[in-house]
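Please look at the sequence and the model first.

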Amino acid sequence: MPTAKTQIPAPPFFLSREKVVEFINPYLKNKGVYLDIAKAFGSPLYVLETDVLARKAEQFRAAFSHRLPETAFFYAMKSNNLPHLSGHLLKHGFGLDVSSGVELSVALELGASSIIFSGPGKTIQELALAAQHPDRVLILLDSIGEAKRLTSVLEKKQTRMPVGLRLNNNPEGLWRKFGVLPEHLLSAFKEIETLGRLDFQGLQFHSSWNLNPDRQTAFIKKLGEILSSMPKQFLDAVKFIDIGGGYWPAQGEWLLSNMPQNYIIDPGVSIDLFAKELSSAIKAHILPLTQCRICFEPGRWICNDAMHILIQVVDCKEKDLVITDAGGNTVGWERYETDYCPVLNLTRPSLSEKKCHILGSLCTPHDVWGYGYFGSGIKENDILMIPAQGAYTYSLRQQFIKPIPRVAVKESSNRYFLLPE
Ligand SMILES: *Cc1c(COP(=O)(O)O)cnc(C)c1O
């Protein structure tokens, strides 16, 4: 008998039509309200759906809090920095994860009572702003140099500050810029204690672009080994371990291929599966050593599906070439030259995708929304929707050639309003 070899299909996987239809169907069903919003406030527009946002926040929290004794959740503001969005998450019990003085100011103005400040190269001004609010802000130190700079700020004010330390979990390549290497953890802890003004409370690590939990569980295991080599004094001081963000939405990553209308999918997994695997790794490797709170910093997973972009066709130049009223400055980078997101013609809806260059109106060829649209046809003034564009688009918007669109907030199917500029 020939030996049976498991056939592992080689990537790339192609995105199935069923998956795309399943993804676009809810938006097409709701097209009436999106068309009403475009009619009421004009085009182009960002549309924030606060009920979707609330659902994502609750789903994320439920997945982890049911599986672990003590948890806390911080929304990574950089993934979508619309203050209204962060403000809404505060109402759902999230704290905020900020990575600059600008973001910290917004979080403070929103009234956030639990803020973590993470990121490399925090300036004296940024540290001083944080130091004014030791009751609301915890600084995740990126290096010992930063611990010393923060201490000098605190000495002037004669105050103390709660801090954590970011561990580097990827010393290769450009990710080496973040945090302190695990082999320097003990000396960093001793130095923090010696500085005398910092209340050490825990550790953080973060990896991004996780389509599944494998990378995170591998580091949790390694962290267990690191912790088991640390003295009792250190383990007693640890009040939290922050395992960062980087959760990819379950639909996976969708990319263009060199064959028109054949898209590549890097499959994702559900947040429940993330929670199951990460929680069991935490219970196996971390909690036996220190009964601490586990913190989370999701960004993309929370905001991605909660914001959409509505644009309008200005000029139909050919049957397969249209110019729209919004340019790539709306998302800040040439995203749709590599990434695939279905473009929906809400005015002439259909479940079949037609080949067509859907381009923006900037004076540059690098201004693409898509290479096709779902619709029965396309004409001037049609309203197009690019759904689920909340992550790393709005934050990167820029005033380049064309103005930045306004934001409409949709609270339920019959309640929506335009955010003040
Ligand atoms: C960017 C970032 C996050 C959020 O990452 P997502 O991929 O959006 O979930 C969380 N924590 C830190 C430290 C970050 O830099």
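How far is a nitrogen atom of the ligand from an N or O atom in the side chain of Glu-297? The separation is 2.6 Å, which falls under the definition of a polar contact, a pair of N or O atoms within 3.5 Å (within protein, one must be able to donate a hydrogen and the other to accept it, and residues adjacent in sequence count only if both atoms are side-chain atoms). Taken alone, the ligand exposes 390 Å², of which the protein buries 91%; accessible areas come from the Shrake-Rupley method with a 1.4 Å probe, and for residues only the protein chains shown count as cover.

The model is predicted: local features need pLDDT of at least 70, side-chain atom pairs count only at pLDDT 80 or more, and totals for chains, interfaces and linings use all residues. Residues are numbered from 1 along each chain as its sequence is written, and side-chain values use heavy atoms, with hydrogens and water left out.

An oxygen atom of the ligand lies 2.8 Å from a polar backbone atom of Gly-246, and a nitrogen atom of the ligand is 3.4 Å from an N or O atom in the side chain of His-206. Around the ligand there are 16 residues, and those that come nearest are Lys-78, Gly-246, Glu-297, Arg-300 and Tyr-392; a residue is near a molecule if one of its heavy atoms lies within 4 Å of it. By class, this shell has four nonpolar, seven polar and five charged residues, where Ala, Val, Leu, Ile, Met, Phe, Trp, Tyr, Cys and Pro count as nonpolar, Asp, Glu, Lys and Arg as charged, and the others, Gly among them, as polar.

The ligand sits in the largest pocket, meaning that more than half of its atoms lie within 2 Å of the grid points of that pocket. On a 1 Å grid over the protein atoms alone, a pocket is an open set with protein on both sides within 12 Å along at least five of seven lines, a cavity is a set of points where a 1.4 Å probe fits but cannot get out, and lining residues have an atom within 4 Å of a point. The volume of the largest pocket is about 510 Å³, the space filled by probe spheres set on points joined across faces, edges and corners. Of its 29 lining residues, Lys-78, Trp-175, His-206, Ser-208 and Tyr-392 are closest to the centre. Domain 1 (17-48 + 306-412) and domain 2 (51-303) both give residues to this lining, so the largest pocket lies between them; the bounds come from an automatic or database domain assignment.

The whole structure has two cavities of 30 Å³ or more. The largest cavity holds about 210 Å³ of space, and Gln-251, Gly-252, Asn-304, Arg-335 and Tyr-340 are the closest to its centre among 16 lining residues.
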